[in-house]
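Please keep the sequence and the structure in view while reading.

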Amino acid sequence: MHPMKAKSNVLFSVLFLSMLFQVSAQNLLDTLEAETPEESEVTIATFKATRISIGHSVETRKKGALEISWMNRFWNTPAEQSQTFAADKWNSRIGVEYALSDRFTIGTGYETGYKSIDLLLKYRLFHQKTGAEAFPFSITLMQGGVFRDKSTYSFISDIGFEDKLAATTQILIARKFTSNFSFQIAPSYIYRAEDNLLASENPHYFALGFGARYKVGNHVSIVSEYYYIPDPFSFIDTYGPFSLGVNWEVSDLMLQFKLTNARNFVDDKYITKTTNNFNFRNGNLHFGFHATYFIQL
């Protein structure tokens, strides 16, 4: 055989085998990619805190986390002469929450305003996910209850034990749209046994909450909340609670500063019985400070 012809045959054979190998490798790669399942990724830190501002967020802590919180509200009275240096009135709540699992949290707190003891249960039903098992929202159930040692109405001096109870049920639905922006809606049902004492009032209420967070820095975000009540309390004038504030993360400490028309901390009271509109008139605008520290036990 001629040497040039032999070299041509060898070169052709090498090229043919190379093409065959590339095709086989590509087919194998396609097969492996088709057989490898796409992983799901859970969206985290929708709000970074268990409360957006005045109300609950979808967030639950990791199993074994203990959260200690201290909430305050300060406001002035419409009187021309104030009796105190900084603020005429003050309300406070101290609370603790513990995560029994990554999804389930229990908590309790004491509020000075009406000597209230409240309990809460939060359970994360669904996480927002991307990937193979994508889910567009985070959904958390919140059940709260409270016992108040005295009536919230000044004209009622003595009430029975059963009339000192109230309960709030919420479905918290949130989505983290971008790394900076999150939004939540909160369909809510409130029962206040004390309102049974008023002949013209219904103790059952429905409300819809809206909350948002916008991250403006690595550890700083702007937050806002509002609750709409389609059938509000009619015995006295009430307004939808509104809040505008700043959340600041400092290691394991969350500091929340807010301006709000809500004086109380327990859900049934601030949602249905906020008696001040949100404006800068004396006695209507309240300054809130909320510090939360959590320990991973």
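E67 and R61 form a salt bridge, with their closest N and O atoms 2.8 Å apart; the term stands for a side-chain nitrogen of Lys or Arg within 4 Å of a carboxyl oxygen of Asp or Glu. The model is a predicted one, in which local features need pLDDT of at least 70 and side-chain atom pairs count only at pLDDT 80 or more, while totals for chains, interfaces and linings use all residues. Residues are numbered from 1 along each chain as its sequence is written, and side-chain values use heavy atoms, with hydrogens and water left out.

E67 is buried at 4% relative accessibility, and R61 is buried at 17%. Buried means under 20% relative accessible area, exposed means over 50%, and partly exposed lies in between (1.4 Å probe, protein chains only).

By the salt-bridge rule, the count comes to nine. Two of them involve R192, which is buried with a relative accessible area of 1%. One partner is E194, where the closest N and O atoms are 3.3 Å apart; E194 has 6% relative accessibility and so counts as buried. The other is D195, at 3.4 Å, and D195 and R192 are both buried. Through shared partners, salt bridges join R148, R192, E194, D195, D268 and K273 into one network.

Which buried residue has no salt bridge? K164 is buried without one, and the nearest side chain of opposite charge, D149, is 4.3 Å away. Here Lys and Arg count as positive and Asp and Glu as negative; His and the chain ends are not counted. K164 lies in the loop between β7 and β8. Strands are DSSP runs of E with at least two residues, helices are runs of H or I with at least four, and both are numbered from the N terminus. A polar atom of the K164 side chain lies 3.4 Å from the backbone oxygen of D149.

K164, R148, R192 and E194 are among the residues that line the second largest cavity, whose volume is about 60 Å³. On a 1 Å grid over the protein atoms alone, a cavity is a set of points where a 1.4 Å probe fits but cannot get out, a pocket is an open set with protein on both sides within 12 Å along at least five of seven lines, and lining residues have an atom within 4 Å of a point. Grid points are joined across faces, edges and corners, and a volume is the space filled by probe spheres set on the points. The lining of this cavity has three nonpolar, two polar and six charged residues. Ala, Val, Leu, Ile, Met, Phe, Trp, Tyr, Cys and Pro count as nonpolar, Asp, Glu, Lys and Arg as charged, and the others, Gly among them, as polar.

There are four cavities of 30 Å³ or more.

The largest pocket holds about 570 Å³ of space. R61 returns here: of the 25 lining residues, A45, E59, T60, R61 and K62 are the closest to the centre of this pocket. Strand β14 gives the most to the lining, with three residues. The second largest pocket holds about 460 Å³, and its 21 lining residues include Y114, R263, N264, K269 and T275, which lie nearest its centre.

Definitions and conventions
A polar contact is a pair of N or O atoms within 3.5 Å; within protein, one must be able to donate a hydrogen and the other to accept it, and residues adjacent in sequence count only if both atoms are side-chain atoms.
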